[in-house]
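This report describes a structure made of chains and their helices and strands. It begins with a pair of helices and then moves on to other parts.

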Amino acid sequence: MDIIASLGLGFSVALDPINILYCFIGVLLGTLVGCLPGIGPTATIAMLLPITFSLSPAGALIMLAGIYYGAQYGGSTTAILINLPGESSSAVTAIDGYQMAKQGRAGQALATAALGSFFAGTVATLLLAFFAPPLARAALNFGAPEYFALIVLGLLVSIALAHGSILKALGMIVLGLLLGMVGQDIYTGQPRFTFGIRELYSGLNFVSVAVGVFGVAEILRNLEDEKSRDVMVKSVKGLWLSMTDFKRIIAPVLRGTVLGSLLGVLPGGGHILSSFASYSAEKRLSKTPEEFGRGAIEGVAGPESANNAAAQTSFIPLLTLGIPAHPVMALMVGAFILQGITPGPNVINDQPALFWGIIASMWIGNVLLVLLNLPLIGLWVKMLSIPYRALFPAIVLFACIGCFSINQNIYDVYAIGFFGVVGYVLIRFGCEPAPLLLGFVLGPLLEEHLRRAMIISRGDPMVFLERPISATLLGLALLAVIIAVLPGIRQKRKEVFVEED
Amino acid sequence: MKKTAITLAAGALLASMAFAGSAFAQDYPTKPITVVVPFSAGGPTDTVARLVAEVMSQDLGQQVVVQNVGGAGGTLGAGQVAVAQNDGYTLLLHHIGMSTAPTLYRSLPYDPTTDFAPIGLITSVPMTLVARKDFEPNTMAELLDYVKANGEDITYAHAGIGSASQLCGMLFMNAVDAQMTTVPYQGSGPAMTDIIGGQVDLICDQTTNTTSQIQAGEVKAYGVTSPERLGNLPDLATTAEGGLELEIGVWHGLYAPAGTDAAIIERLEAALQVALANETVISRFAELGTVPVTAEEATPAALTETLTSQIELWKGVIEAAGVYAD
């Protein structure tokens with residue numbers, strides 16, 4: 001079928017008033033759960049699965065998809081306002097977004113996130129409509145060696161996440177790698193660092209670690225400072241972007257969209273890399289890298305666009321091949337099956353109205369989200385004027401409920417407290433939590449793909465160099481290291497890693 | 001004086017509790033029932049649970065809520081139900097892993113045979129032996145020869161320690177008497193991705209995950225592990241037809257904590273049988289490539305029988321393979 005006719009069919013499904021309503025309910029719910037720290041899209045979709053029984057297949061899937069990408073919008077809100085990222089992608093947004101909020105520029109940060117996400121969502125949806133099947137095929141060329149090489153590149157480039165000492169940043173990444181090892185080894189079944197606690201077999205919960213080292217640690221730090229305790233942000237300098245702001249975000253949004261769209265297609269963890277990769281790219285390309293970590297608007301625009309683009313394109317493997325790229329997509333598989341449709345390569349031909357309807361609804365959902373979120377900015381910023389003593393206990397409470405709701409695992413709640421204290425100690429020592437989270441997220445992936453590549457190659461390390469994609473990626477990683485150590489570029493590097501004190 | 005009052009009060013309390021107890025079994029259920037699924041939402045077991053729970057809710061007149069308690073190969077969720085109140089409001093829906101856990105986990109904090117009151121079997125999902133589409137052998141006979149000849153040069157993917165695909169792989173290698181290189185993944189999704197992408201050779205996985213890929217020609221299928229051919233894959237021969245002695249099904253059962261009132265078990269058994277005879281359940285199960293068990297099998301006796309014999313079977317297989325999860 002011709003693409004225009006297909007899209008026409010899609011829009012006729014998505015523009016059905018009842019489906020617009022489901023789409024709206026989905027993105028609204030997604031925004032709300034994205035804002036509540038801890039309760040993510042996974043828990044929400046799981047809770048709503050039974051309700052979708054009674055809906056039409058298109059309505060149900062449009063709503064559930066809406067919850068997922070809606071949560072990507074909402075997740076940045078708490079990251080910016082109170083330094084509480086709900087998932088790995090918004091952890092990057094918290095770095096500069098929260099600094100902007102502290103300077104009274106929360107409105108601008110939120111507007112940047114919303115506009116960047118909208119643009120990225122639109123582009124990614126078009127990409128999905130035009131190139132989904134070939135992109136999915138291309139992504140299948142990524143095996144374990146390619147993912148390993150990609151993550152190595154990501155880790156090396158992302159050292160730019162730190163704005164303090166490079167030694168401390170490396171230390172934090174290693175600590176994160178170690179924390180990521182907690183749990184049952186997937187290859188041998190051996191428990192590692194679990195101390196006999198069965199609840200730790202599945203590893204530490206990302207949300208607990210993120211809420212602890214970012215949110216709770218920040219609360220503890222604020223409590224020691226008597227002066228800033230009453231109201232977190234005293235003055236709010238306007239809400240809307242100035243002309244200068246617009247000029248500054250255009251390029252990062254474009255680059256973030258491209259990076260995110262491409263990485264999102266990779267089912268083996270590409271979407272996790274997208275916001276980290278975009279942040280590193282922006283910092284490298286910036287003329288004023290010293291602003292990063294101190295409220296650079298580019299540090300919000302790039303990662304937020306990348307993250308939303310990846311959220312949309314991560315539907316590609318699911319819709320065209322029936323392969324779930326991450327836990328939320330696995331839930332979508334469940335939703336398809338409950339509706340009597342087995343997701344797989346045949347969905348596009350057997351259920352064209354459903355396939356194109358979902359794609360068209362994503363664009364409509366992005367429009368609804370931007371209409372919903374821009375007016376809300378004023379309201380969110382007002383939230384900052386809530387007295388500290390009322391706001392923070394509420395945040396911690398919500399975070400605990402949210403983390404517990406995912407797996408009903410009490411250790412996820414203990415982890416918040418533990419990592420809150422760890423995070424506070426790290427802040428006191430001048431170490432930053434972002435590289436720690438990067439190591440924590442990418443470490444297990446790095447190990448998984450390295451060991452799988454070695455098992456499949458039967459112990460031959462040359463596999464990484466014999467396969468063209470992995471060899472290229474590793475070459476780029478080597479290049480990144482060489483550039484960093486070349487004497488001529490030392491001067492520039494000093495700018496990148498300005499010492500804090 | 002005071003003592004008497006306390007005794008009286010205690011007596012009254014006991015009496016009212018006893019009364020509440022009997023009335024409670026008759027009126028059961030008076031509040032929503034939680035079915036713990038020890039895996040994450042959206043997976044095959046979760047889907048089975050949600051389809052059955054929906055119809056059981058209608059029959060019982062109370063919501064049957066599915067709660068996902070994933071982790072530690074299903075032993076976390078099962079462990080929670082083992083120590084839950086045995087009032088009939090917390091149940092467990094678990095699959096074949098119920099019978100492998102006692103051998104895989106040497107420090108299991110519960111005993112599947114004594115800590116639960118079985119309610120009934122639900123379904124047995126068949127498995128299919130599939131390979132990347134450019135894998136050399138074309139028929140089951142060729143595959144068996146190929147595996148015998150090439151052994152460890154063949155990569156066998158599975159969905160992780162204790163997963164159905166790992167169990168099927170052990171049985172397969174026992175039957176062929178050859179060792180392949182096993183490549184563990186975290187779940188069926190990534191494993192299938194690498195089969196479709198041609199990164200690994202072979203997997204034996206539930207029809208839930210393979211049917212659409214077989215139909216679309218994305219993978220090469222050799223056989224199905226059920227006694228008879230499947231309705232939605234009529235051209236696919238059974239393993240027995242292909243000359244391979246390998247029969248395995250991912251059987252699912254419903255359990256209550258041990259000591260649950262017999263009247264309550266009976267009520268749940270009846271509701272389960274109603275659900276398994278339901279049109280929607282039958283047709284959705286068919287799309288998953290499986291059928292509900294008969295009413296005679298959806299009984300405590302049948303589930304007890306299956307559980308004990310499967311524990312024996314897997315004890316032998318797992319100990320021979322020397323695979324443990326702790």
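## Helix packing in chain A

α9(A) and α17(A) are roughly antiparallel to each other, a word used for angles over 145 degrees, while those under 35 count as roughly parallel, 65 to 115 as roughly perpendicular and the rest as oblique. This is a predicted model, in which local features need pLDDT of at least 70, side-chain atom pairs count only at pLDDT 80 or more, and totals for chains, interfaces and linings use all residues. Residues are numbered from 1 along each chain as its sequence is written, and chains are lettered from A and ligands numbered from 1 in the order in which they are written.

Helices (H or I, at least four residues) and strands (E, at least two) are DSSP runs, numbered from the N terminus. Helix α9 of chain A covers residues 206-223 and helix α17 of chain A covers residues 388-407; they pack at about 170° with axes 11 Å apart. Axes are lines fitted to C-alpha atoms, for helices over the stretch in contact, and angles run from 0 to 180 degrees between N-to-C directions. On α9(A) the contact is made by V207(A), S208(A), V211(A), G215(A), V216(A) and I219(A), and on α17(A) by F392(A), I395(A), V396(A), A399(A) and C403(A). Two residues are in contact if their C-beta atoms, placed from the backbone, lie within 7 Å. By class, this contact of α9(A) with α17(A) has nine nonpolar, two polar and no charged residues. Here Ala, Val, Leu, Ile, Met, Phe, Trp, Tyr, Cys and Pro count as nonpolar, Asp, Glu, Lys and Arg as charged, and the others, Gly among them, as polar.

| Helix pair | Angle | Axis distance |
|---|---|---|
| α9(A) and α17(A) | about 170° | 11 Å |
| α11(A) and α12(A) | about 155° | 8 Å |
| α5(A) and α6(A) | roughly 145° | within 7 Å |

α11(A) and α12(A) are also roughly antiparallel to each other. Among the residues in their contact are G270(A), S274(A) and A281(A) of α11(A) and G302(A), P303(A) and A306(A) of α12(A). The contact of α11(A) with α12(A) has seven nonpolar, eight polar and two charged residues.

For α5(A) and α6(A), the contact involves T93(A), G97(A), M100(A) and A101(A) on α5(A), with A106(A), Q108(A), A109(A) and A113(A) on α6(A). Five of the residues in the contact of α5(A) with α6(A) are nonpolar, three are polar and none is charged.

## Two loop residues of chain A

N83(A) is not a glycine, yet has a positive phi of about 65°. N83(A) sits in the loop between α4 (57-82) and α5 of chain A. R458(A), also not a glycine, has a positive phi of about 60° and belongs to the loop between α19 and α20 (463-466) of chain A.

Which of the two is buried and which is exposed? N83(A) counts as buried, with 26 C-beta neighbours inside 10 Å, whereas R458(A) is exposed, with 11 other C-beta atoms within 10 Å. A residue is buried if 20 or more other C-beta atoms lie within 10 Å of its own, exposed if 12 or fewer, and partly exposed in between, with C-beta atoms placed from the backbone.

## Where the chains meet

In all, 43 residues of chain A are in contact with 45 residues of chain B. On the side of chain A that touches chain B, α14 (327-338) and α19 (433-456) of chain A each supply at least two residues. α14(A) gives the most to that side, with seven residues. By class, that side of chain A has 24 nonpolar, 15 polar and four charged residues.

## Chain B

Chain B has eleven helices and nine strands. Of its 326 residues, 55% count as buried.

Helix α3 of chain B (residues 75-82) is mostly covered, with seven of its eight residues buried. The cover over these buried residues includes β1 (33-37), β3 (90-94), α4 (97-104), β4 (116-132) and β9 (249-257) of chain B. The loop between α3 and β3 of chain B holds D87(B), which counts as partly exposed, with 19 C-beta neighbours inside 10 Å.

In helix α5 of chain B (residues 140-150), M140(B), L143(B), Y146(B) and V147(B) are buried. Seen down the axis of α5(B), these buried residues fall within an arc of 120°, so they line one face of the helix; the arc is that of the directions from the helix axis to the C-beta atoms. The buried residues of α5(B) pack against α6 (164-176) and β8 (219-224) of chain B. The face of α5(B) turned away from its buried side carries the exposed residues K148(B) and A149(B).

A cis peptide bond, with omega about -5°, joins Y28(B) and P29(B). P29(B) lies in the loop between α1 (2-27) and β1 of chain B.
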